[in-house]
Amino acid sequence: MKKATSLFGGIKENFPSGLVVFLVALPLCLGIALASGAPPLAGVISGIIGGLVVGYLSNSNISVSGPAAGLTAIVLTAITDLGAFELFLCAGIIAGIIQLILGFVRAGSISNYFPNNVIEGMLAGIGIIIILKQIPHAVGFDNDYEGNETLFSNGLNSGYFTELFGAIHPGAVLVTLVSVGILLAWDKIPALRKLKMLPGALVAVIAGIILNQLFISSGSSLAISSKHLVSLPVPTSAEDFQNLITLPDFKGFMNPQVWIVGATIAIVASIETLLCIEASDRLDVKRRITDTNLELRAQGIGNMVSAIIGGLPMTSVVVRSSANANAGATSKLSAIIHGILLLICVLTIPFILNMIPLATLAAVLILVGYKLAKPATFKHFWHLGKFQFIPFVATVLAVVFTDLLKGVGIGLVISIFYILQGNMKRAYYLSREQLDDTDEFTIKLAEEVSFLNKAAIKKTLKNVQPGSKITIDARNTSYITTDVLEMIQDFANVHAKEEGIEVTLLGFRTSYRDYASDKDSHILITHRRAM
């Protein structure tokens with residue numbers, strides 16, 4: 001009962017964010033299914049399972065799972081090569097089993113080695129892609145599928161922009177502008193922000209539907225045609241409902257090619273999930289840490305269930321997760337609500353959902369993209385110095401011009417290059433057994449502390465027992481990566497306060513940028529337990 005109470009206790013705070021994610025996820029699920037060469041409802045099934053099953057099993061408070069744009073090319077090629085979607089579903093089951101095994105062997109710890117500047121660069125790059133990919137929908141020119149996280153994969157060139165601006169639809173532009181105005185008003189006006197159960201995205205969607213229906217009923221040239229609206233199958237009989245679900249052809253387990261596809265999906269989906277989980281934890285205002293091994297197990301179970309009932313493979317998805325965080329989600333209940341809404345609305349009111357202009361949803365996503373790639377983020381990393389800024393910008397550009405995995409890989413290589421210019425020092429680490437023997441101890445940091453030391457330091461801080469006294473001494477440290485600094489800040493300001501831990505930090509300067517010029521003691525952050 002305690003788990004149920006804690007799970008559903010925040011429904012007032014999380015229903016609006018769940019509704020926003022539902023509105024964002026619906027066209028993405030459909031578009032990714034279409035781009036993958038799968039039945040349209042396969043993407044929606046994946047979104048439902050991602051919300052209900054993965055949302056419940058995962059302990060991530062912000063992340064939202066669903067069909068993955070990064071897997072589109074793999075899925076499309078696999079369905080074509082295998083010759084049947086039913087055979088491909090067996091590969092989805094295999095991928096889920098492999099992910100489950102990866103979770104049990106604790107492969108999720110690899111996420112500790114993703115530096116913050118690369119994760120933030122990935123988020124900013126995806127934000128730019130979101131904005132550029134939604135512009136066609138915002139102006140009524142839909143020449144590309146929703147949700148693709150690679151901008152230039154389809155040979156985008158100057159002719160594309162000429163065609164785009166020559167096909168601007170005034171009605172779609174008007175709906176976009178009205179929707180953006182509503183969303184900004186809900187974000188800026190205090191009285192509207194207090195309407196927690198009525199999110200601005202829902203008001204924008206309703207306004208978009210009403211506007212377009214007025215255009216249609218009046219015979220106006222501003223009316224938006226059906227090809228620029230959400231498109232869901234509308235079942236009219238019991239047979240139609242039965243046909244919504246495609247079952248796997250279990251003969252596929254005898255096909256070696258199916259196993260190769262399953263293993264490929266498992267590896268790519270797991271990496272994308274770990275990247276998104278690290279990014280989602282960064283978006284969480286409470287800075288809660290997700291158990292990545294549990295996340296891999298949850299994703300594995302979700303992928304197995306999704307494939308068994310005809311759904312696409314899924315990962316944790318940055319677009320949905322960032323929309324969730326921006327809408328004010330406080331727990332995983334938001335992801336579960338989004339799954340429930342997908343299920344209910346697809347089965348009961350698809351004809352109403354099919355009235356939603358894609359221009360309205362584009363407005364929601366454009367603002368999400370802006371918050372991910374806002375100029376303040378670039379300015380922040382510029383002030384941190386070139387060792388942080390160059391890997392950040394390189395990741396942004398690589399994600400935009402290649403894809404998510406390649407972009408992060410390039411960012412990691414550049415980050416490691418800068419780190420290897422200095423001398424690597426062994427991170428300070430104490431086991432739980434060692435910490436159980438003492439309630440007062442000192443951690444002396446090495447001369448240089450990089451993001452590669454993050455995992456060991458995190459493990460030590462996690463093992464600190466409630467009521468302990470801890471001193472973290474950085475007086476002999478010339479360089480500390482911002483990843484570790486922010487982790488220590490979160491520990492001292494949040495975790496230590498909750499656990500009654502007395503923390504004293506020595507040698508930390510008030511600025512992140514320079515630790516070499518002064519050996520005097522500087523307290524960056526200090527929390528002391530109330531006596």
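**Talking through the model**

A: By the rule used here, the count comes to nine cavities of 30 Å³ or more, and please keep in mind throughout that this is a predicted model.

Q: What does Met122 touch, leaving out residues up to four places away in sequence?

A: Met122 touches Leu275, Ala279, Val318, Thr395, Val399, Leu404 and Val408 on that count. As general background, nonpolar side chains tend to be buried together in soluble globular proteins.

Q: Back to the cavities: how much space lies in the second largest cavity, and what lines it?

A: The second largest cavity holds about 60 Å³ of space. Its lining is made up of Gly50, Val54, Gly55, Ser58, Ser60, Ser63, Val64, Ser65, Glu295, Lys332 and Ala335, and these divide into three nonpolar, six polar and two charged residues.

Q: Which helix gives the largest share of that lining?

A: Helix 3, residues 40-57, gives the largest share of the lining of the second largest cavity, with three residues. Glu295, which also lines that cavity, is one of the buried residues of helix 13.

Q: Tell me about helix 13, then: is it mostly covered or mostly open?

A: Helix 13 is mostly covered, with twelve of its 17 residues buried. Besides Glu295, the buried residues of helix 13 are Thr292, Asn293, Leu296, Ala298, Gln299, Gly300, Gly302, Asn303, Met304, Ser306 and Ala307.

Q: What covers those buried residues, and how far does the helix reach?

A: The cover over the buried residues of helix 13 includes helix 3, strand 1 (65-67), helix 5 (85-104), helix 12 (256-283) and strand 2 (314-316). Helix 13 itself, residues 292-308, reaches 24 Å from its first C-alpha to its last, which is close to the 24 Å expected at 1.5 Å a residue.

Q: What about helix 17, is that one enclosed or open?

A: Helix 17 is largely enclosed by the rest of the structure, because 13 of its 15 residues are buried. Its end C-alpha atoms, across residues 358-372, are 21 Å apart, and this agrees with the 21 Å that 15 residues should span at 1.5 Å a residue.

Q: Switching to backbone angles, what is the phi of Arg106, and where does that residue sit?

A: Arg106 has a positive phi of about 65° although it is not a glycine, and its place is in the loop between helix 5 and helix 6 (116-138).

Q: Why does Arg106 count as exposed?

A: Arg106 has 55% relative accessibility, so it counts as exposed, given that exposed means over 50%.

Q: And what about Arg287, where does it lie and what is its phi?

A: Arg287 lies in the loop between helix 12 and helix 13, and its phi is near 55°, a positive value in a residue other than glycine. At 32% relative accessibility, Arg287 counts as partly exposed.

Definitions and conventions
Residues are numbered from 1 along each chain as its sequence is written. This is a predicted model: local features need pLDDT of at least 70, side-chain atom pairs count only at pLDDT 80 or more; totals for chains, interfaces and linings use all residues. Side-chain values use heavy atoms; hydrogens and water are left out. Contact means heavy atoms within 4.5 Å. On a 1 Å grid over the protein atoms alone, a cavity is a set of points where a 1.4 Å probe fits but cannot get out, and a pocket is an open set with protein on both sides within 12 Å along at least five of seven lines; lining residues have an atom within 4 Å of a point. Grid points are joined across faces, edges and corners, and a volume is the space filled by probe spheres set on the points. Helices (H or I, at least four residues) and strands (E, at least two) are DSSP runs, numbered from the N terminus. Ala, Val, Leu, Ile, Met, Phe, Trp, Tyr, Cys and Pro count as nonpolar, Asp, Glu, Lys and Arg as charged, and the others, Gly among them, as polar. The expected span of a helix is 1.5 Å times one less than its number of residues. Buried means under 20% relative accessible area, exposed over 50%, partly exposed in between (1.4 Å probe, protein chains only).
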